[in-house]
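Subject: Handover of a structure and its findings

Dear colleague,

Please find below the structure that I am passing on to you. The findings follow after it, arranged by topic.

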Amino acid sequence: MTPHRGTMPVAGLALLAIVIAVLVGLAPVAAIGIGEGLVTGHVIDAYVLRILWFTLLQAGLSTALSVALAIPVALALARVDFLGRGLLLRLFALPLALPAIVVILGIVTVYGRTGWLSQLLGQPLDIYGLSGILLAHVFFNLPLATRIILQQLDGISAESWRLAAQLDFTPLARFRLIEWPQIKGSLAGIASLIFLICAASFAVVLTLGGGPAATTLEVGIYQALRFDYDPARATVLALVQLALCGLFVLLAGHYASAAQSWPALRRAAPRYETHSAGLSLIMRLTIALAAAFVGIPILAIVISGVLAEFNWPALAYATLTSLVIALPASFLSIALAWPIAAASARARSPSWRSLLNLAALLTLIVPPAVLATGWFIAASRAGLAFSAAPFLVISMNALMALPFALGTLSPSVQQAMAQHDRLCSSLGISGWRRLRLIDLPVLRRPLGLAMAMAFVLSLGDLTAITLFGSQSLMTLPALIYAQMGSYRIDAAAGSALVLAIFSMAVITLLDKWSATA
């Protein structure tokens, strides 16, 4: 018996489910968008072009600011060894670990009209519009870019630093001859990844956009369906979004997996260097400012949440709804990711392996708003827009988490299959017995991490719930958004703290479970 005979049918079913889900979303978008929009030209107007321009503008500016600021921060972290360096790197992982709506509330608490900074300056600050979007995107992506650049710097060999010390390189020479060549090769991929994240940003623009003048493609699709019910305009925007995101997925594909990995908590190689007092002060100041920029809004979430007035009935209902959606969504995401990872590891045909990998990338190439548009139109035509809403939200969250779950699982599954397939085949161990005795103990940690990632992404999702949600289907992110929209910032802070606690608790528990023998 070949070791992969039982894997391929299950992977084929997973692949078929993904393709059907994507096609059901794309078919109405393509039909209406091409038939009523592109052919007639009645929908491609100044409004659509303005939204496209603002999407490109805010994503481009956010990318430039994030990368430009990340380079000196990463260089300072690579050059300076200090107490708490590992803690700071863990802090830099929080913006991507916490749900977006929670972090946005922290930014509003610090920089908003009645925020900490406004009170300190004695003058209200307006962060709504382009400035607020840029601020939030840099908050999310500066730590991401810093971590990836720091990984590149950690890859420099100890021999290079030893040679630099022997030749008595100045700090400028070290940067020009050693560090910059290591950094510059990755900048295009990092920039493409951040541009993709910002172009597909939904929660940030919906919350901080401040009106029609600051609307992106994702938010425009939501507004066209939810408020105007204009499927033709929504589908044209969706097609434009699909083309834009598809292009940048291809450009950023290599670095999408790097976004989920961690730089070393300690420097990988000794650098054999000393710094002048002035340069050392500048680097430490750079690190302190970056830590404050990331840490203060997170601290604001905790303080504001503890002091908040909790709306317990609404909070309890939204929490239960979030858990009921996030649990099956995370299990579904793992159920799709595991057989695809196993089949890809065992595939003998390069074309079959490429097809499996493409299936996982489909949910990155097809943005959530595009998929939601098609599902919304299809469900509305079938009269199931409300009755099927919970299942649509669960399915969408599972698909959106799939690339990240698969990226976490694939390396470990490939290694486990290479080590155990031949032995299991010779001993006749297969099916549930192999899963219980061999695969599950070996893959506990990556499975736990993948489950935590899928759960937290589903728990904090705002895209699907804003389109399919209602008063009877209210999750924690939807509740926070509604409370912020009605200027009940104290209540939103309490809800955000609960959501943050749940997210971090799930990450911690699954990490501990996966680490046990």
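A residue is called buried when its relative accessible area is under 20%, exposed when it is over 50%, and partly exposed in between. D126, at 47% relative accessibility, therefore counts as partly exposed. Please bear in mind throughout that this is a predicted model.

Overall architecture

The protein chain has 22 helices and 0 strands. Of its 517 residues, 53% count as buried. Among the contacts in the chain with a separation of 6 or more, 83% are accounted for by residues 24 or more positions apart.

Salt bridges

Side chains of opposite charge can pair when their charged atoms come close. The structure holds 2 salt bridges. In one of them, the side chains of R79 and E179 meet at 2.7 Å, N to O. This pair links distant parts of the chain, with R79 in helix α2 and E179 in helix α9 (residues 171–199), 100 residues apart. Both R79 and E179 are buried.

The side chains of R113 and D126 also meet in a salt bridge, at 3.4 Å, N to O. R113 lies in the loop between α5 and α6 (116–121) and D126 in the loop between α6 and α7 (130–154), so this pair ties together parts that are 13 residues apart in sequence. R113 has a relative accessible area of 44% and is therefore partly exposed. D126, as stated above, is partly exposed at 47%.

Packing of α2 with α11

Two packed helices are described by the angle between their axes and the distance between the axes. For helix α2 (residues 46–79) and helix α11 (residues 217–226), the angle is about 145° and the axes are 9 Å apart. On the α2 side, the residues that meet α11 are Y47, I51, L52 and T55. Their counterparts in α11 are L217, G220 and Q223. By class, this contact has 4 nonpolar, 3 polar and no charged residues.

The second largest pocket

Rolling a probe the size of a water molecule over the atoms shows where empty space is left. The second largest pocket has a volume of about 790 Å³. Its lining is made up of 31 residues, and V108, Y128, M484, Y487 and I489 lie nearest its centre. Which helices each supply at least two residues of this lining? They are α5 (100–111), α10 (203–208), α11, α13 (277–306), α21 (476–485) and α22 (489–515). The lining residues divide into 17 nonpolar, 12 polar and 2 charged.

Residues in helix α13

L289, by contrast, has a relative accessible area of 55%, so it is exposed.

Leaving aside neighbours within four places in sequence, F293 is in contact with Y111, L135, V138, F139 and L142. The C-alpha atoms of F293 and L142 are 9.8 Å apart in space, while the two residues are 151 residues apart in sequence. For L289 and V73, which are 216 residues apart along the chain, the C-alpha atoms are separated by 9.2 Å.

Further individual residues

S330 is placed in helix α14 (residues 312–346). With 0% relative accessibility, S330 counts as buried. Residues up to four places away in sequence not being counted, S330 touches M451, A454 and F455.

I501 lies in helix α22. Its relative accessible area is 51%, which is over 50%, so I501 is exposed. I501 and V302 are 199 residues apart in sequence, with a C-alpha to C-alpha distance of 9.5 Å.

S472 is found in the loop between α20 (463–468) and α21. At 53% relative accessibility, S472 counts as exposed. The C-alpha atoms of S472 and T321 are separated by 9.4 Å, and the two residues are 151 residues apart along the chain.

With kind regards

Note on methods: Residues are numbered from 1 along each chain as its sequence is written. This is a predicted model: local features need pLDDT of at least 70, side-chain atom pairs count only at pLDDT 80 or more; totals for chains, interfaces and linings use all residues. Side-chain values use heavy atoms; hydrogens and water are left out. Axes are lines fitted to C-alpha atoms, for helices over the stretch in contact, and angles run from 0 to 180 degrees between N-to-C directions. Helices (H or I, at least four residues) and strands (E, at least two) are DSSP runs, numbered from the N terminus. Contact means heavy atoms within 4.5 Å. Ala, Val, Leu, Ile, Met, Phe, Trp, Tyr, Cys and Pro count as nonpolar, Asp, Glu, Lys and Arg as charged, and the others, Gly among them, as polar. On a 1 Å grid over the protein atoms alone, a cavity is a set of points where a 1.4 Å probe fits but cannot get out, and a pocket is an open set with protein on both sides within 12 Å along at least five of seven lines; lining residues have an atom within 4 Å of a point. Grid points are joined across faces, edges and corners, and a volume is the space filled by probe spheres set on the points. A salt bridge is a side-chain nitrogen of Lys or Arg within 4 Å of a carboxyl oxygen of Asp or Glu. Buried means under 20% relative accessible area, exposed over 50%, partly exposed in between (1.4 Å probe, protein chains only).
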